[in-house]
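The chain is shown first.

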Amino acid sequence: MIHGGARRGRRRVRPLVMGVALVLAMTAGAAMIAGKGTASETAAAAAGAAAPGSPEAIASRLSAMLQSARAVISKHQAEINDPALGDKHLGADVVIAEATANYKAKTGEDPESYPPDSRQGRLIRAQMDAIRDVMDNAQDEINKEGVAFKGFIPATFARLVNESFAERVKGDAHIKVTAPPELVRNRKARPDDWEKQVIAGKFRDPAWARGAPFAEVVAGDGGGKAFRMAVPEYYAASCLSCHGSPKGSIDITGYPREGAAEGDLSSVISITLAEP
Ligand code: HEC
């Protein structure tokens, strides 16, 4: 298994809500009810509608880039796991190129177009550098011949990218993939109090528009404020070989299956941006 580097302290944000709920989720919800497109399309549309450079816009784009890059690992999983293949030709440049293409398809924007001196440009570049870093470090592992399952899967990739990103932008931004407590496999993914409340109170509410993110400003550490956004994700059929049934049976990675069904809430991308 490929493991992350030094364990870093999770940034703690006290869940004291300051009452600045955003219309973002409502916008996406309204669009859904009006029957305009899928949840992720409407979430992307809502993000696109957020003022450029606003915390909503920045957090949505960081979430979109993480998903875009993770999808590349997912797409190449069979090659990565192929014991007969040596070089997988899945270096940093390839992953960045494919992630950028996915991102453009998702958002209609080129990440290179964000000015490098803007917060948006700076953070997404740091994220792309983190992706490069993880792929550079993974080369020996993923190119090993004679080994089938190498532990390099989308969830692990995402965690490593988020850890590298956090190191690069300490004090400014933080991204984490978390999940409902009973679905957590890696302790590092455990939800904090705010994330638990959002999962239980929003994403599990039958009235919540599928795919709609939730965001608000909360009290941060040391008296400051933080913008937090949570983006819900759902199991696809491809996830169920590891997370499906029978519940408790052991998957290829050695973990017990969760008994999940396609379409169930699987995870939450949780983004924290320090408020200036
Ligand atoms: C090959 C088996 C496998 C497949 C397929 C798979 N996962 Fe996972 N998943 C894992 C493993 C192993 C972990 C723990 C990763 C780690 O140690 O950080 C994990 C972690 C997660 C986590 C984070 C929670 C945690 O504890 O780290 C979520 C959420 C998740 N998976 C959702 C999904 C979704 C959604 C899909 C499909 C799009 C999927 N998984 C496909 C094996 C798999």
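## The end of helix α5

Just past α5, Gly108 adopts a positive phi of about 75°. The model is a predicted one, and this applies to every value below.

Thr107 belongs to helix α5. Thr107 has 18 C-beta neighbours inside 10 Å and therefore counts as partly exposed, since burial requires 20 or more. Between Thr107 and Arg61 the C-alpha to C-alpha distance is 8.0 Å, although 46 residues separate them in sequence.

## The two sides of helix α5

Helix α5 spans residues 92-107, 16 residues in total. From first C-alpha to last, α5 reaches 22 Å, close to the 22 Å expected at 1.5 Å a residue.

Val95, Ala99 and Tyr103 are the buried residues of α5. Viewed down the axis of α5, these buried residues fall within an arc of 65°, so they line one face of the helix. Their cover includes α3 (55-75) and α6 (119-142). Asp93, Ala97, Ala101 and Ala105, on the other side of α5, are exposed.

## The shell around the ligand

The ligand is surrounded by 24 residues. The closest of them are Ala155, Arg185, Cys239, Cys242 and Ser267. By class, the shell contains 12 nonpolar, eight polar and four charged residues.

Three elements, α7 (154-168), α9 (240-243) and β4 (265-274), each contribute at least two residues to this shell.

## Strand β4 and its partners

Besides supplying residues to the ligand shell, β4 pairs with the strands β1 and β3. Eight of the 10 residues of β4 are buried, so the strand is largely enclosed by the rest of the structure.

Pairing with β1 (residues 173-178) is antiparallel and runs over six bridges. In this pairing Ile175 stands opposite Ile271 of β4. Strand β3 (residues 225-234) is also antiparallel to β4, with nine bridges between the two. Here Phe227 has Leu273 of β4 as its bridge partner. In a regular strand, side chains alternate between the two faces of the sheet.

How values were computed
Residues are numbered from 1 along each chain as its sequence is written. This is a predicted model: local features need pLDDT of at least 70, side-chain atom pairs count only at pLDDT 80 or more; totals for chains, interfaces and linings use all residues. Helices (H or I, at least four residues) and strands (E, at least two) are DSSP runs, numbered from the N terminus. The expected span of a helix is 1.5 Å times one less than its number of residues. A residue is buried if 20 or more other C-beta atoms lie within 10 Å of its own, exposed if 12 or fewer, and partly exposed in between; C-beta atoms are placed from the backbone. The arc is that of the directions from the helix axis to the C-beta atoms. Two residues are in contact if their C-beta atoms, placed from the backbone, lie within 7 Å. A residue is near a molecule or strand if its C-beta atom, placed from the backbone, lies within 6 Å of it. Ala, Val, Leu, Ile, Met, Phe, Trp, Tyr, Cys and Pro count as nonpolar, Asp, Glu, Lys and Arg as charged, and the others, Gly among them, as polar. Two strands pair if DSSP finds at least two bridges between them.
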